[in-house]
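Grab a pencil and let's work through a few exercises together. Each one has a task and then a solution in steps.

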Amino acid sequence: MAGHQAHRSNHATVFKSARHGSVSLADPYHWMTDVTSPETQAFIEAESEATTEYLDDPKLEATRRRLQQKLLSMWELSAVRELPKRLPNGDYIVRVAGRASEHPRSYQTNTDAIVNCKTPEHDPAIFFDELSGGGAIMASSLSKTSRYWAFLTSTDGSDWGVVRFKDVNSGNILEDELVDVKLAHKPSSIINWLGDQGVFYLHCPRDFAEDDGTPVPPTLRFHRIGAKQGADEAVYRDPSQPLQTFKAEVSLDGEYVFLDIYDKSRSGTVSAAPVNGATEPSDKLNLQFSTRVSCGVEAEWDYIGIQQDDQGSGAAHIFWTSQDNGKVMSYTPETAELKPLVPSSPELTMVTAKVIHEGYIAVVYSVDVQHQIRVLSPTGEPVQTLDRLPFSTIVDLSYDADAAAVFVLDSSFCRPPQLWSARVISDPPGSRPEIADFRNAQLFPHARDEDGLTPSLQTRQVFYESADRTKIPMFLTSREPDVNPDSAAAAPVLLYIYGGFGLSVIPHFRPDFSMFMDVVGGTLAVANVRGGGEYGHAWYAAACGGKRQRLFDDVHAAARYLRDVVGARKVVLMGESMGGLNAAAAMVQRPQLFDAVILNAGVLDVLRRGELGLGLYGVVDVGDEKVPDDFDAMYEWAPLERLRPGTRYPPVLLTSGSADKLVSCAHSCKFTAAMKHVASLGPGAAGREEDRDRAVESTQSVVHLRIIQDLGHGGNVPTKVKALMGLERWLWVCKVLAVEVV
């Protein structure tokens, strides 16, 4: 079965153009906007059957067995997901994925394993099992004295979830339950507590809208332990800004609450309010955020600690900000003074920072997307540089004052994330502290991981020039010796890109990538295209709005480099979510550069994304189609609008989830139907009927759609679903590119 041609309606969308006035664009698959309609469901079912039939090929059986064997071996891998959280008895909670479990588990282990890095004799106790605990955890935190543990679990794999609470001493789950909680757009695994009293959370009903159809603006609320959610206090809400998001961070001394107000690009402002000492369940916080901390500077801000002042001017609260390529700022509430503590550097991108021992600061810098740690004094003078680390990429860093230890969660293309620990030493006492050598924390008595890893995988970094001569970094990972340019041509190269929201695509482990490199024998190429945050805010802004073409030029230049310099004969382009949009636009502009394309949950109908669940999400990146100048710029590259008859496009695999509320699967359905339609027109609309028939048959064999039932958006996907998606993806690549797996 080869799918079918979807019927085309006469529906059109009218836009305002600065150049042409009113512009009417055909939207023949508008009916797919309702993904639950019988007609759309019939289309999805037909395409799913066609994809299944295409992959149900006896010639793929050997490849399928190899991929399944690799999956089983990786099922045992341990992947640390979060930094450890300390309990009152000195034990730690560590969240670990894998180990033959479909969902991650949180383990309770001791100081010897985490801080002293001694191999334990027995497996640690399970503190919480997400398989039986309501779904994948998106965020969690202990209260001030570690009496309670709050955790946010995903609803249907989406960015919405439910907050629940566990009494740490008794182990009981409390009756408190907070629904319609939205995961903040700024990545965070923290739920912010006010002492042991309660938590701040973002309340955002996902199935409700105002009378005019716009989403209900989110509300920052405060929940007291033991109270009903209906009694929760509304801390902040701005009906005039429905697209803004809020986050409350409580100062380490408990005296202030900092309100972080930011947009979808994660740029925002910070205000401060003193805590009024409300302690009874009936007391209201009545927080008044009347003092602006960030002075109107639009940048990303994070509270990272406190420095006590010996001169009586009050404690200084320390923030990291992305402003000017990253810097550390000091804020003193008593004087309302905000001043730089660690200035920015044009050569170094400051990724994050944390206050550690006695006010000293550990700063993580990115040097060409590779990380180093520097320790600075409380006044910002250099103390120590750690550039020969046992890891190259830092996902997160924390400091445990009780243990005087720094914890690092690392990342690599070659192995799952690991936890590292280093003592902070001040010898003799009172002298300036230094971070000792990092050691790998030992969570389990013996490693069950080795069989699932490919020990010969190696990563190297290269730089290539884009169209405007800008140098773009790219990581190449493959089995040895395929990492060498002369031997990389024999197998396909997977070119993975993102380029959105200022997010950096750092080295990171994915089982599906490992399958591709180990079983298919391919090379993984990750291009750090503009639109990401690899070189700070300027790198992100360089591809925003009317400058979006730079990003597509970066992708085209990466493909040319892989062919001309690395010697790749087969290049597979892959993008997900915003990266899916970018990959589709790059493919439509230069289809000859790619041998196959994988689009996962792509924002493919970018001009109508407001009708398809996304609203104005990403407006800073791509523009607002309702603004005439923005529409003109977006129309030049919008992939759905730029598909052209007579153009030979590479094979395309589109995947999405039926329960994706952020990027509706209608995007993938419409793009699939549109690609098949332009192919049916052959070399020209007036071509011979038999030519058109052959074009339809040819295209339907290489454009495939898979809508996965009950799958949402983002990383809250069960391990089994991820594994099956990866297996099917590489089977498809092997067939369309005629790759033989030995």
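**Exercise 1: a strand and its partners**

Strand E6 (residues 105-109) has four of its five residues buried, so the rest of the structure largely encloses it. Here, buried means under 20% relative accessible area with a 1.4 Å probe, counting protein chains only, and strands are DSSP runs of E with at least two residues, numbered from the N terminus. Before going on: this is a predicted model, where local features need pLDDT of at least 70, side-chain atom pairs count only at pLDDT 80 or more, and totals for chains, interfaces and linings use all residues. Residues are numbered from 1 along each chain as its sequence is written, and side-chain values use heavy atoms, leaving out hydrogens and water.

*Task:* Find which strands pair with E6, and in what sense.

*Solution:* 
- Step 1. Two strands pair if DSSP finds at least two bridges between them.
- Step 2. Strand E5 (residues 92-98) pairs with E6 in the antiparallel sense over five bridges, and valine 96 has arginine 105 in E6 as its bridge partner.
- Step 3. E5 and E6 make a hairpin with six residues between them, and in the turn arginine 99 has a positive phi of about 55°.
- Step 4. On to strand E7 (residues 125-129): it runs antiparallel to E6, joined by four bridges, with tyrosine 107 opposite isoleucine 126 in E7.

**Exercise 2: the core**

*Task:* Say which residues have the most contacts inside the largest nonpolar core.

*Solution:* 
- Step 1. A nonpolar core is a set of buried Ala, Val, Leu, Ile, Met, Phe, Trp, Tyr and Cys residues joined through side-chain atoms within 4.5 Å.
- Step 2. The largest one has 118 residues, and Met474, Leu495, Leu562, Phe594, Phe671 and Trp730 have the most contacts inside it.
- Step 3. Helix H6 (residues 549-566) gives the largest share of this core, nine residues; helices are DSSP runs of H or I with at least four residues.

Technical notes. Buried means under 20% relative accessible area, exposed over 50%, partly exposed in between (1.4 Å probe, protein chains only).
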